[in-house]
Amino acid sequence: MHLSILSGPDSGSTFVVTPQKRLRVGRGAECELSLHDPSVSRLQFEICFEDGRPVLVDQDSRWGTLVNGVRIARHELQPEDRISVGDTELCWIPASDPSASTIAPMRPPEFIPADESPSSSPLERAVATRPAFRRVLDPATLVGQTFSSYQVQFVEAKARTGVVFRAVDRDSQAVIALKLFSPELMTNTQAMTRFLRTIETMGPYRHSHLVALYDAGISDGLCWTANEFVIGESAQQLISSIGTKGLLDWRRVLRIAVEVTKALEFAASHQIVHRNITPANILVRRSDGITKLGDLMLSNALDSLGLGAATRAGEIMGDLPYLSPEQIFGERMDARSDLYSLGATLYALLTGRPPCEGLTAARIAKMIQSQRPETPKKYHQAIPLVFASIVMRLLSKRPEDRFVDATQLLKELARAEKSTQ
């Protein structure tokens, strides 16, 4: 019997399973099968044999174990079962394969301190062992230092919600995006618990166009998340470069539109409204041009603390032009609000300016509520009419005048692609 690793950092390897012996799988060095996937728990699952039958048992892993796409706690393995954990997929093959080779246990990236027992949940351990709450978050004092199990290199971005650092895992040397949240957001244990519980519910959701969330916790009095580090440019950087490099090729913007919409379609299938789609949260990977949407969990986590999305974004002048009318004025939001924000971002990518801009926040808010922007073709004449029309429909003031959902938008974007071929 053996486990064949189909995807993830250990892809292409095979682990021989000896009947009647327990097999522990996870990132921990104590596991017989030690994976190098930072999104896998220290102890993810075990395979044991009951009357000769292989049974997989999840070990209270942070993001859960899926078998054939279904999250399980306990499952009797069948031939060709697909096991998904983090970014790794394995296949259970009962017949012994003489060509199979055993992966030697190696120390993977550490995301849970070694002295923590896997029997309790990560959330319980984090809150129970937290130090005194910090009153300030000073990025300058953290650069070059070790935070939790990460070596902090430099500041990537700042916002009211916290600071994002480029950091390196001390054991694996993997580069991650470490976000430390402002201490004023979480001033007591109850707030920290709600915040981390919300993040834990979001962690299992993986998609090729979403920035992966690897882990979260509390260290040195601060809540933090460890995320996939995307080497490339944000949509905000692309917009800023338009002034010196000229307008972006509309085909590139169309590809960004398609890939972000696929991420939103995935989020909607899990009843998630992003609520914070801005150019800063859309990242384009340099190596292959793939677009990834970040901060999927942030709005949900902050809402669990009673911090409204409109208030947060309204305090940052740069984000305000990308909020939907209903978001600014505190009305009920659904997935169509995300579509508006995507439309505003696409407009800026095509023209170099947001659809509504002014000298004051009040002026911008009034324009978003009532003033129809100029078509992007006014500034970028090469844009096909069908694509420009899609962007303008996304910017409709009333949600019911936009696309019904991301699925309908994808169909229209596909039509735009075909019409220009």
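Visitor: Hello! Which residues line the second largest cavity?
Guide: This is a predicted model, where local features need pLDDT of at least 70, side-chain atom pairs count only at pLDDT 80 or more, and totals for chains, interfaces and linings use all residues. Residues are numbered from 1 along each chain as its sequence is written, and side-chain values use heavy atoms, leaving out hydrogens and water. A cavity is a set of points, on a 1 Å grid over the protein atoms alone, where a 1.4 Å probe fits but cannot get out, and its lining residues have an atom within 4 Å of a point. Those lining the second largest cavity are Leu264, Ala267, Ala268, Ile272, Ala335, Asp338, Leu339 and Ala406.

Visitor: Which elements give two or more residues to that lining?
Guide: Helices (H or I, at least four residues) and strands (E, at least two) are DSSP runs, numbered from the N terminus. The elements giving two or more residues to the lining of the second largest cavity are helix 5 (250-269) and helix 9 (335-351).

Visitor: How many residues of this lining are charged?
Guide: Ala, Val, Leu, Ile, Met, Phe, Trp, Tyr, Cys and Pro count as nonpolar, Asp, Glu, Lys and Arg as charged, and the others, Gly among them, as polar. The lining of the second largest cavity has seven nonpolar residues and no polar ones, and the number of charged residues is one.

Visitor: What is the volume of the second largest cavity?
Guide: There are three cavities of 30 Å³ or more. Volume here is the space filled by probe spheres set on the grid points. For the second largest cavity, that comes to about 60 Å³.

Visitor: Is threonine 65 buried or exposed?
Guide: Threonine 65 lies in strand 7, which pairs with strand 10 (residues 82-85) in the antiparallel sense over two bridges. Buried means under 20% relative accessible area, exposed over 50%, and partly exposed in between (1.4 Å probe, protein chains only). At 0% relative accessibility, threonine 65 counts as buried.

Visitor: How many residues of strand 15 are buried?
Guide: Strand 15 is joined to strand 14 (residues 162-169) by seven bridges, the two running antiparallel. Strand 15 also pairs with strand 17 (residues 222-228) in the antiparallel sense, over five bridges. Strand 15 (residues 175-181) is largely enclosed by the rest of the structure because its buried residues number six of the seven.

Visitor: Which residue stands opposite leucine 180 in strand 17?
Guide: Strand 15 has residue partners in two strands: the bridge partner of its lysine 179 is valine 164, in strand 14. In strand 17, the residue opposite leucine 180 is tryptophan 224.

Visitor: How many disulfides does the structure hold?
Guide: A disulfide is a pair of cysteine sulfur atoms within 2.5 Å. Cysteine 48 is partly exposed, with a relative accessible area of 22%, whereas cysteine 223 is buried at 3%. The number of disulfides is zero.

Notes: Two strands pair if DSSP finds at least two bridges between them. On a 1 Å grid over the protein atoms alone, a cavity is a set of points where a 1.4 Å probe fits but cannot get out, and a pocket is an open set with protein on both sides within 12 Å along at least five of seven lines; lining residues have an atom within 4 Å of a point.
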